Amino acid sequence: MGRFTVSINIEKLYEKLLKRGKMHVRVDEVAGYLCISEKSAGRLLSRMAEKGFLEKWGNGIYLLKTNRGLLALRDS
């Protein structure tokens, strides 16, 4: 059995997370939403934080940055 790779568009994921109306997201929520392990979800959210979409707030909890903040990051 071979290996395969799945790509996740973090911009689309960010938009979907914003549409929930909450300003925070937990690793276990993303894991359940995407049907992936919590370890993989944690790496994904960490990557999104590196890109400026989120900010790590606590153990397994991330704050979503607003559209205004995101646009400022893209312009710089």
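Predicted model: local features only at pLDDT ≥ 70, side-chain atom pairs only at ≥ 80, totals over all residues.

Q: Noted. How many helices and strands are there in the protein?

A: The protein has 4 helices and 3 strands. Starting at the N terminus, the elements go α-β-α-α-β-β-α.

Q: And what share of the residues is buried?

A: Buried residues come to 26% of the 76 residues in the protein.

Q: What about contacts between residues 24 or more positions apart, what share do they have?

A: Taking the contacts with a separation of 6 or more, 46% are between residues 24 or more positions apart.

Q: Let's start with H1. Which of its residues are buried?

A: H1 covers residues 10–19, and its buried residues are Ile10, Leu13, Tyr14 and Leu17. They sit on the same side of H1, because they cover an arc of only 100° around the axis.

Q: Then what's on the face turned away from the buried side of H1?

A: Lysines: Lys12, Lys16 and Lys19 are the exposed residues there.

Q: Which side chain reaches a backbone nitrogen at the start of H1?

A: That's Asn9. One of its side-chain oxygens comes to within 3.0 Å of the backbone nitrogen of Glu11.

Q: And after the helix, what does Gly21 look like?

A: Gly21 follows H1 and has a positive phi, near 85°.

Q: What does Arg20 touch?

A: Leaving out residues up to four places away in sequence, Arg20 touches Val25, Glu29 and Leu64. There's also a polar atom of the Arg20 side chain 3.2 Å from the backbone oxygen of Leu17.

Q: Switching to the sheet. In what order do the strands come?

A: The order is S1-S3-S2, in an open sheet with antiparallel pairing. On average, neighbouring strands are turned by 35° against each other, direction ignored.

Q: How many bridges are there between S2 and S3?

A: S2 pairs with S3 (residues 61–64) over 4 bridges, in the antiparallel sense. Gly58 has Ile61 as its bridge partner in S3, and Leu54 has Leu64.

Q: Which S3 side chains are buried?

A: The side chains of S3 alternate.

Q: Where does H2 lie?

A: H2 (residues 27–34) lies across S1 and S3, and runs at about 70° to S1.

Q: OK, aromatics. How many pairs turn up in the whole structure?

A: A search of the whole structure gives 1 aromatic pair. It's Tyr14 with Phe53: the ring centres are 5.2 Å apart and the planes are at 55°, so the pair counts as tilted.

Q: What parts does that pair tie together?

A: Tyr14 lies in H1 and Phe53 in the loop between H3 and S2, so the pair ties together parts that are 39 residues apart in sequence.

Q: Are the two partners buried or exposed?

A: Tyr14 is buried, at 1% relative accessibility. Phe53 is buried as well, with a relative accessible area of 6%.

Q: Last one: which helix is Lys39 in?

A: Lys39 is in H3, residues 38–50. Lys39 counts as exposed because its relative accessibility is 63%, and the cut-off is over 50%.

Q: And how far is the C-alpha of Lys39 from that of Val27?

A: Those C-alpha atoms are separated by 8.3 Å, with Lys39 and Val27 being 12 residues apart along the chain.

Conventions. Residues numbered from 1 in each chain as written. Heavy atoms only, no water. Buried < 20%, exposed > 50% of the residue type's maximum accessible area, 1.4 Å probe, protein only. Helix = DSSP H or I, 4+ residues; strand = E, 2+ residues; numbered from the N terminus. Arc of directions from axis to C-beta. Polar contact = N/O pair within 3.5 Å; in protein donor to acceptor, adjacent residues only side chain to side chain. Pairing = 2+ DSSP bridges. Axes fitted to C-alpha atoms, helices over the stretch in contact; angles between N-to-C directions. Contact = heavy atoms within 4.5 Å. Phe/Tyr/Trp six-rings, centres within 6.5 Å; stacked < 30°, edge-to-face > 60°.
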